[in-house]
Amino acid sequence: AAGLGQIMPGTYGSIVKIYTKANLIKDVDIGRVAETNFVMASMLVFDDHLAIVFGNMSKTQKAKFEKKLKLEPDFLNEVRAAAYNGGPGKYKAATATISLAVRETVDFVKKYKMIRELKLFE
């Protein structure tokens, strides 16, 4: 991954192809580090990942997610962190859980929770 947004080359290439109207820099290496471009690309990656996470849910899965959100109001941000770190497949809609299969993503979400608990942004 490169740039402040840490976008993987394949992810960046996909975003360039999907969001043609964004006029992102087509060169993967330059596009991921050019300041204005990578900010826009990062936002599109988040949008794309969350669209995949929520777009594939059945009504039952959406209900499970909503129930989990009532119990854990910051769960959406944990899903965002997992999707950012490891892609949209890290959220398991069938069980309303974040996948524990990839240690890096588990650790990333754990760090997010630790930072959240510091309440630095309240």
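View 1. Ile 115, Leu 118, Leu 120 and Phe 121 together make a nonpolar surface patch of about 500 Å². Patches are built from residues with over 30% relative accessible area and no salt bridge, joining nonpolar side chains (Val, Leu, Ile, Met, Phe, Trp, Tyr) within 5 Å and like charges within 9 Å. Areas come from the Shrake-Rupley method with a 1.4 Å probe, and for residues only the protein chains shown count as cover. Leu 120 sits in the segment after α6 (103–117) and, at 57% relative accessibility, counts as exposed. Here, buried means under 20% relative accessible area, exposed over 50%, and partly exposed in between (1.4 Å probe, protein chains only).

A word on the model: this is a predicted structure, in which local features need pLDDT of at least 70 and side-chain atom pairs count only at pLDDT 80 or more, while totals for chains, interfaces and linings use all residues. Residues are numbered from 1 along each chain as its sequence is written, and side-chain values use heavy atoms, leaving out hydrogens and water.

View 2. Helices (H or I, at least four residues) and strands (E, at least two) are DSSP runs, numbered from the N terminus. Which residues of α6 are buried? They are Thr 105, Val 106 and Val 109. These cover an arc of only 105° around the axis, so they lie on the same side of α6; the arc is that of the directions from the helix axis to the C-beta atoms. The buried residues of α6 pack against α5 and β2 (97–98), with contact meaning heavy atoms within 4.5 Å. On the other side of α6, you will find Arg 103, Glu 104, Lys 111 and Met 114 exposed.

View 3. Asp 74 and Arg 116 form a salt bridge, their closest N and O atoms 2.8 Å apart. Asp 74 lies in the loop between α4 (59–71) and α5 (75–86) and Arg 116 in helix α6, so the pair ties together parts that are 42 residues apart in sequence. A salt bridge is a side-chain nitrogen of Lys or Arg within 4 Å of a carboxyl oxygen of Asp or Glu. Arg 116 is partly exposed, at 26% relative accessible area. Glu 117 also meets Arg 116 in a salt bridge (3.3 Å, N to O). Through shared partners, salt bridges join Asp 74, Glu 78, Lys 113, Arg 116 and Glu 117 into one network.
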